[in-house]
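Visitor: Could you show me the model and walk me through some of its strands?

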Amino acid sequence: MTQSVETPVQEFSLDWTMSTGKGGRVGFAVSGQVTLLDNNRFYKIDGVLYISEGSAYCREIGNPHLFVRRNGVEESGRQWGWETICNRKSCARLCSMDAYFVRTGYWAPADRAIQLSIGAETGWNRKRSFSPTVTVQLRD
């Protein structure tokens, strides 16, 4: 049995707006917290993806499917690679219910930060676009 000793929680938030030439704009946001568990051996991301403004324009921007992805950064600057941590939800579905997610994973001694961003897939060819990233520093 392992003892769960938590370090201080680091909160994050990220806002992203998608717009069209027709004047439709929809604002999305992801917020939550990241913490290290079990003597810094594991990380836990707990958050929510939601529409922050303009829900009436979901169809004008193509009713994209949205998701949250994460990437880790090591002390040397090397990155783990992007991984989806939230199931894809259509913009129309996010109007009625926010997307909550929890992700846990291994935290190596060389790891320093986690990056998060919002992704969107639109159209039959699933064209992807991504928000700017937010970096959550967990260790110096």
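Guide: A word on the ground rules. This is a predicted model, where local features need pLDDT of at least 70, side-chain atom pairs count only at pLDDT 80 or more, and totals for chains, interfaces and linings use all residues. Residues are numbered from 1 along each chain as its sequence is written, and side-chain values use heavy atoms, with hydrogens and water left out.

Visitor: Which strands are at the edges of the open four-stranded sheet?
Guide: Strands here are DSSP E runs of at least two residues, numbered from the N terminus, and two of them pair if DSSP finds at least two bridges between them. The sheet is antiparallel, with the order β1-β2-β3-β7. Pairing on one side only marks the edge strands, β1 (10-19) and β7 (99-106).

Visitor: Is A29 buried or exposed?
Guide: A29 lies in strand β2 and has contacts (heavy atoms within 4.5 Å) with residues including L14, V48, Y50 and I118. Buried means under 20% relative accessible area, with a 1.4 Å probe and protein chains only. At 1%, A29 is therefore buried.

Visitor: What is the bridge partner of T122 in β9?
Guide: Strands β8 (residues 111-122) and β9 (residues 127-130) pair in the antiparallel sense over four bridges. In their hairpin, with four residues between the strands, G123 takes a positive phi near 75°. The partner of T122 in β9 is K127.

Definitions and conventions
Buried < 20%, exposed > 50% of the residue type's maximum accessible area, 1.4 Å probe, protein only. Lists of a residue's contacts leave out its neighbours within four places in sequence.
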